[in-house]
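The sequence and the structure come first.

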Amino acid sequence: MELKYTNAGGESITLKQSRPYFLTKIDGTGNVRQTVNTFKAPEQDGAFYISSTLDMRNITLEGTVIADTPDEAYTRRQRFLQIFSPKLRGTLLYRGRQISCVVEEAGFTVSTRQRIPNFFVSLLCPSPFFETLDEVRQELASWIPMFEFELEIPEGGMEFGMRQPSQIITVDNIGDVPCGCEIVFQALGTVTNPELLNIDTGEYIRLLTTMSAGDELRVYTHFAGKRVVSVDGSTVTNAFSLLDTGSAFFQLAAGVNTLRYDASVNMELLEVSIYYRSQFLGV
């Protein structure tokens with residue numbers, strides 16, 4: 001049993017079953033409550049189910065600070081409270097998954113032994129889902145390198161790269177629930193109206209614009225974080241006005257998703273990449 005908490009200031013602390021911060025209990029990582037919305041008509045037995053939503057996740061930590069002297073215990077206690085500051089957001093890493101959280105409460109209980117004070121931490125997670133540590137990158141349209149070192153070019157010449165042969169690719173979301181993603185359109189030449197279609201649902205994202213070589217457009221489909229931007233080096237500008245009115249900020253369903261990219265003009269000069277983090281109901 002080991003976890004690591006890192007606050008927004010970059011400071012981190014590791015709690016495990018050893019000195020100096022001995023973790024004795026962690027609760028709230030394997031279950032999450034939900035709110036069920038129903039409608040009941042007059043004289044109806046039971047009710048109509050409408051929908052359900054997951055509540056915020058509450059994770060609690062309990063343990064003991066182990067020190068050789070009261071002064072050392074006091075120093076470690078001060079550092080503990082500094083890192084678990086309620087003024088800073090943080091990220092909890094546990095069993096190869098991470099979750100964003102805020103400190104609801106962090107403190108120490110009264111102990112008759114000054115060298116081993118007991119601590120208690122309550123963390124609230126606005127999003128109840130654990131995520132993968134690393135963002136997954138999936139290439140839909142790109143060039144495949146065809147050479148490696150040591151390089152020897154035959155007399156008949158050789159191909160230095162090959163275009164991916166298919167417009168359609170499958171993306172496997174290994175999580176328990178749908179997740180948002182970042183879609184990156186990059187132009188190698190003049191490209192008109194780049195598009196990405198979710199074949200499974202019929203939803204698509206289409207940008208009504210003509211891109212020149214080197215242009216890059218990014219679409220974010222995360223819940224409460226939907227946006228379209230144009231990227232030029234370190235400059236990022238709002239490009240929401242380019243979005244086709246029929247477009248949908250679709251999510252990647254849990255399991256296999258079938259996607260197809262396209263463009264009105266010069267589809268072969270378009271590169272498309274997807275970035276996402278799978279989400280889990282517990283660890």
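The model is predicted, so local features need pLDDT of at least 70 and side-chain atom pairs count only at pLDDT 80 or more, while totals for chains, interfaces and linings use all residues. Residues are numbered from 1 along each chain as its sequence is written, and side-chain values use heavy atoms, without hydrogens and water.

Ala73, Phe80 and Ile83 of α1 are buried (under 20% relative accessible area with a 1.4 Å probe, protein chains only; exposed is over 50%). They cover an arc of only 90 degrees around the axis, which puts them on the same side of α1. The face turned away from that buried side carries the exposed residues Asp71, Tyr74 and Thr75. Among the elements that cover the buried residues are β1 (2-7), β2 (12-16) and β9 (118-125), where contact means heavy atoms within 4.5 Å.

The largest pocket holds about 630 Å³ of space. Of its 20 lining residues, the closest to the centre are Ser127, Phe129, Glu131, Phe223 and Gln279; lining residues have an atom within 4 Å of a pocket point. β8 gives the most to this lining, with 3 residues.

| Lining class | Count |
|---|---|
| nonpolar | 9 residues |
| polar | 9 residues |

Technical notes:
Helices (H or I, at least four residues) and strands (E, at least two) are DSSP runs, numbered from the N terminus. The arc is that of the directions from the helix axis to the C-beta atoms. On a 1 Å grid over the protein atoms alone, a cavity is a set of points where a 1.4 Å probe fits but cannot get out, and a pocket is an open set with protein on both sides within 12 Å along at least five of seven lines; lining residues have an atom within 4 Å of a point. Grid points are joined across faces, edges and corners, and a volume is the space filled by probe spheres set on the points. Ala, Val, Leu, Ile, Met, Phe, Trp, Tyr, Cys and Pro count as nonpolar, Asp, Glu, Lys and Arg as charged, and the others, Gly among them, as polar.
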